[in-house]
Amino acid sequence: MGRAEGQPGGDEPTVDTDRSGARYVSGELIVTYEEPVPESPARALTEEVGATVEKTLPAVDSQLIQIPEVVEEPDAAERERLLEEARQELEADPAVRSADYNYLRQPAAPNDPLYPKQWSLAKIAAPVAWRESTGLGLSGEAVRIAVVDTGADLDHPDLAGKISASKNIPNPTLDADDKSGHGTHVAGIAAAGTNNGQGVAGVCPECTLLVAKVEDTRGYITVASVTEAINWSTDNGAGVINASLSGAGAAESERLAIARAVEAGVVVVAAAGNEGSNVKTYPAAYADVISVGATTRDDRRASYSNYGGWLDLVAPGEAHSTIPGGYGTKSGTSMASPTVAGVAGLLLAQGTAPREVESRLAATTVDLGPKGRDNTFGSGRLDAGAAVGARPRNTHPVVTNVSPKPGTKTKSRTVYLRATVRDGQTNLAKSNITLFVNGKKQNFAYTRSTDRLVRKVKLKPGRNQVKIVARDGWGLSTTRTWSFRTPR
């Protein structure tokens, strides 16, 4: 059942582990409602399971609740049973969309030997990218990168002048000063002061920072804090949110906060995690997040970097950056993620639409491993120079190898329609393609690995027309129309 890491009644919370191995704060649930719920009905629901409301997350219609009976129970298995019963009882109510454990998130901690200082900037061709964009938007306003992490050294000479706003999410009466050094390192990678005669350069030199500290005084980072931090970042003008955090267990409030951010035009980037496995970690594995793995100096997958079909791309996992009171080198997917976030800031400053950023990054990566997208490197290794200068070189999709051949007559009225639909710079998905037969929209099968479209259809005798429309990730489209005849 559950495994306790803390003990009831102490200053530290009890941490249990669910059946899948995901760690969570014992006795706490995040309840997400189907729609805004007035305070009194919401209280009635929580009182039914003997809970108290610890915090309200209004932006995503969620509440963090605590069940004292579970918190005070000394037996881990019984805690697990009681909490699961409460969770199921809440989810049975039609007003409740989801009731999730308050899973823990932790920094995707560095764990590799040191590499030469800032080799990663040359690897991704950052100096080339800076010729086109440095993070200052077309309106003259700098793009804001929110660092959802352990805070930052607010007085660091390479960061102090770059921080637009900061907040300690779990303890609002305290400042967002970094006690562990993780967030400081991440912030410096993304947007340290550059060309200022000291220290290191940031990937996005003129981007500014929002610092959302999610680590509490006990050293814990929870879904509730991450959810609130994402909402705060969105509400404070973030163009990019970086979460160099990872953990098992998906939670609806966290997913909704990310979806809300994306809807508001924010690009969300997260570290894939450092377990060296293909098990999904969050927030990276949510659909709206750009999930980033790590590579070494010779473009191999870093041994610690997670992988799988949910991985979007990779970036160098070692960086020399700011640490509290100075500078140092750390490694991990935590370092790869803000590298991508910084390039996202460069793209937004150019005027790239937020929803185009991911496809632009994917279309301009350096392909590693097997040709095309794969589970080890996603679309490939980040190339900032190509991404920032890529738009003029974009080409339209192509539709070739169509069948039945134009102008021919088939032997049967049951026909297999086939075509190769490909784009050289963007990985097309089925959603990028539309098929019409005699003016009517059709369903079809599309295999991304071969770019082949197939549709079996029975037609009336005579002339038939097929039209395929393909639109790539940057909005360029191609239409291919042809006709053939079927027998009586």
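Q: Tyr101: buried or exposed?
A: Tyr101 is buried, at a relative accessible area of 4%. Buried means under 20% relative accessible area, exposed over 50%, and partly exposed in between, with a 1.4 Å probe and protein chains only.

Q: What kind of model is this?
A: This is a predicted model, in which local features need pLDDT of at least 70 and side-chain atom pairs count only at pLDDT 80 or more, while totals for chains, interfaces and linings use all residues. Residues are numbered from 1 along each chain as its sequence is written, and side-chain values use heavy atoms, with hydrogens and water left out.

Q: OK. How many aromatic pairs does the structure hold?
A: Four. One of them joins Tyr24 and Tyr101, with 4.3 Å centre to centre and 35° between the planes, which is tilted. For a pair, the centres of Phe, Tyr or Trp rings (the six-membered ring for Trp) lie within 6.5 Å; planes under 30 degrees apart are stacked, over 60 edge-to-face, and the rest tilted.

Q: Where do Tyr24 and Tyr101 lie?
A: Tyr24 is in strand β2 (residues 23–33) and Tyr101 in strand β5 (residues 96–107), so the pair ties together parts 77 residues apart in sequence. Strands here are DSSP runs of E with at least two residues, helices are runs of H or I with at least four, and both are numbered from the N terminus.

Q: And what is the relative accessible area of Tyr24?
A: Tyr24 has 0%, so Tyr24 is buried.

Q: How is the pair of Tyr24 and Tyr103 arranged?
A: Tyr24 and Tyr103 are edge-to-face, 6.4 Å centre to centre with 85° between the planes. Tyr103 also lies in strand β5, and this pair links parts 79 residues apart in sequence. Tyr103 is buried, as is Tyr24. Ring pairs join Tyr24, Tyr101 and Tyr103 into a cluster.

Q: Switching to charges. Which ring does the charged end of Lys467 sit over?
A: The ring of Phe436, 5.0 Å from its centre. Lys430 likewise lies over the face of Phe444, at 5.2 Å from the ring centre. The criterion is NZ of Lys or CZ of Arg within 6 Å of the ring centre and within 35 degrees of the ring normal.

Q: Helices next. At what angle do α7 and α8 pack?
A: Helix α7 (residues 223–235) and helix α8 (residues 252–263) pack at about 10°, with axes 9 Å apart. Axes are lines fitted to C-alpha atoms, for helices over the stretch in contact, and angles run from 0 to 180 degrees between N-to-C directions. That makes α7 roughly parallel to α8; under 35 degrees is roughly parallel, over 145 roughly antiparallel, 65 to 115 roughly perpendicular, and the rest oblique.

Q: Which residues meet there?
A: Val223, Val226 and Ile230 are among those in α7, and Ala257, Ile258 and Arg260 among those in α8. Contact means heavy atoms within 4.5 Å.

Q: Backbone, then. Where is Pro283 found?
A: Pro283 is in the loop between β12 (267–271) and β13 (290–295). The Tyr282 to Pro283 peptide bond is cis, with omega near 15°. Ser403 to Pro404 is also a cis bond, with omega near 0°.

Q: What is phi of Asn195?
A: Near 60°, a positive value in a residue other than glycine. Asn195 is exposed, at 82% relative accessibility. Asn401 has a positive phi too, about 50°, and is exposed at 54%.
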